[in-house]
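Here is a short note for a colleague who is opening this model for the first time. Please keep the structure in view while reading the points.

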Amino acid sequence: MAHIKPAEVSAILKQQLSGLSVETKLEEVGTVLEVGDGIARVYGLSNAQSGELVEFVSTKQKAIVLNLEEDNVGVVILGDNENIQEGHLVRRTDHIASLLVGEGLIGRVIDTLGNPIDGKGPIPGELIEMPLERRAPGVIYRQPVNEPLQTGIKAIDSMIPIGRGQRELIIGDRQTGKTAIAIDTILNQKEFYDRGEPVFCIYVASDKKVRPLRVLFKFLKNTVQWRIRLLLHQQPHRLRLCSFTHLLQEQR
């Protein structure tokens, strides 16, 4: 039988105890009161902030706090809510919902939190973290709108002046061609790309079904050889986005 030296046992115990952490970490945890249509009401997160990310303990899904009420908070679930039920625990993350943005996003498909969902791996290059919701810059600090943007549709270009960087609302009933106008506008910017003055186009899918978007992205990928960024948030049946981004913006 090997002889055990007390000094060796003491040294091993000291080494293990030196890395022992005795700090106590407190987490604020709430309970789901009700859930439906991608929205859950949670009781117990009295210190939650608007726009903060919370996590469902059982499913590890994320949600964004949007509605702060006196005795509960309303959160938008970022993903499928079929596995979330009344009574499930929700914990705060103390992190405001944000995106890692950079030039590497051009030509990629991402979800609401900036995670790539196109199977091309992580986003390359330098990325800067920016919150999803932030105060817009004042009018004085914005670049003036002084250059026209052509949609390629003569009826629109001849009657409605649209400036590059300007917000323009496309409104209409279902199945009336709103998406077609947006896609035609994207396709019409190819001449600027050929001249070396590209207009970077951002397509934001909000509450769209997956199948038509797959067809659309395949069409853009096969038809347009210049770079487009498609910004999506994927769910099993529908795509949702919690913040609105303008269709076209100029990259200076």
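**Notes on the model**

1. Start with Lys60. Lys60 counts as exposed because its relative accessibility is 54%; exposed means over 50% relative accessible area, buried means under 20%, and partly exposed lies in between (1.4 Å probe, protein chains only). Lys60 sits in the loop between strand S3 (52-56) and strand S4 (62-68). Helices (H or I, at least four residues) and strands (E, at least two) are DSSP runs, numbered from the N terminus. The phi of Lys60 is near 65°, a positive value in a residue other than glycine. Most residues other than glycine have a negative phi.

2. A word on the source. This is a predicted model, where local features need pLDDT of at least 70 and side-chain atom pairs count only at pLDDT 80 or more, while totals for chains, interfaces and linings use all residues. Residues are numbered from 1 along each chain as its sequence is written, and side-chain values use heavy atoms, with hydrogens and water left out.

3. Asp94 also deserves a look. Its phi is near 60°, a positive value in a residue other than glycine. Asp94 belongs to strand S6 (residues 89-96). With 59% relative accessibility, Asp94 counts as exposed.

4. Now the overall picture. The protein chain has five helices and 13 strands. It has 252 residues, and buried ones make up 32% of them. Take the contacts between residues at least 6 apart in sequence: 63% join residues at least 24 apart. Contact here means heavy atoms within 4.5 Å. The accessible surface of the protein chain comes to about 17,000 Å², and 53% of that belongs to carbon and sulfur atoms. Such areas come from the Shrake-Rupley method with a 1.4 Å probe; for residues, only the protein chains shown count as cover.

5. Which residues touch the most other members of the largest nonpolar core? They are Leu45, Val54, Phe56, Val73, Val75 and Val90, in a core of 14 residues. Strand S2 (39-43), S3, S4 and S5 each supply at least two residues of this core. S5 gives the largest share, three residues. A nonpolar core is a set of buried Ala, Val, Leu, Ile, Met, Phe, Trp, Tyr and Cys residues joined through side-chain atoms within 4.5 Å. In soluble globular proteins, nonpolar side chains tend to be buried together.

6. Not counting residues up to four places away in sequence, Val75 touches residues including Ile39, Val42, Val54, Phe56, Ile64 and Val65. There is also a second, separate core of eight residues, with Ile186, Cys201, Ala205 and Leu220 among them.

7. Is Glu55 buried or exposed? Glu55 counts as buried because its relative accessibility is 8%. Glu55 lies in strand S3. Its side chain makes a polar contact of 2.8 Å with the side chain of Arg91. A polar contact is a pair of N or O atoms within 3.5 Å; within protein, one must be able to donate a hydrogen and the other to accept it, and residues adjacent in sequence count only if both atoms are side-chain atoms. Leaving aside neighbours within four places in sequence, Glu55 is in contact with several residues, among them Lys60, Leu89, Val90 and Thr93.

8. The loop between S4 and S5 holds Asn72. At 9% relative accessibility, Asn72 counts as buried. A polar contact of 2.9 Å joins the side chains of Asn72 and Asp71. Beyond its neighbours within four places in sequence, Asn72 is in contact with Leu33, Arg41, Val42, Tyr43 and Asn67.

9. Glu69 is found in the loop between S4 and strand S5 (73-77). Glu69 counts as partly exposed, at 36% relative accessibility. Glu69 and Arg41 are 28 residues apart along the chain, and their C-alpha atoms are separated by 9.8 Å.

10. One last item concerns a ring. Arg164 lies over the face of Phe192, at 4.5 Å from the ring centre. A charge sits over a ring if NZ of Lys or CZ of Arg is within 6 Å of the ring centre and within 35 degrees of the ring normal.
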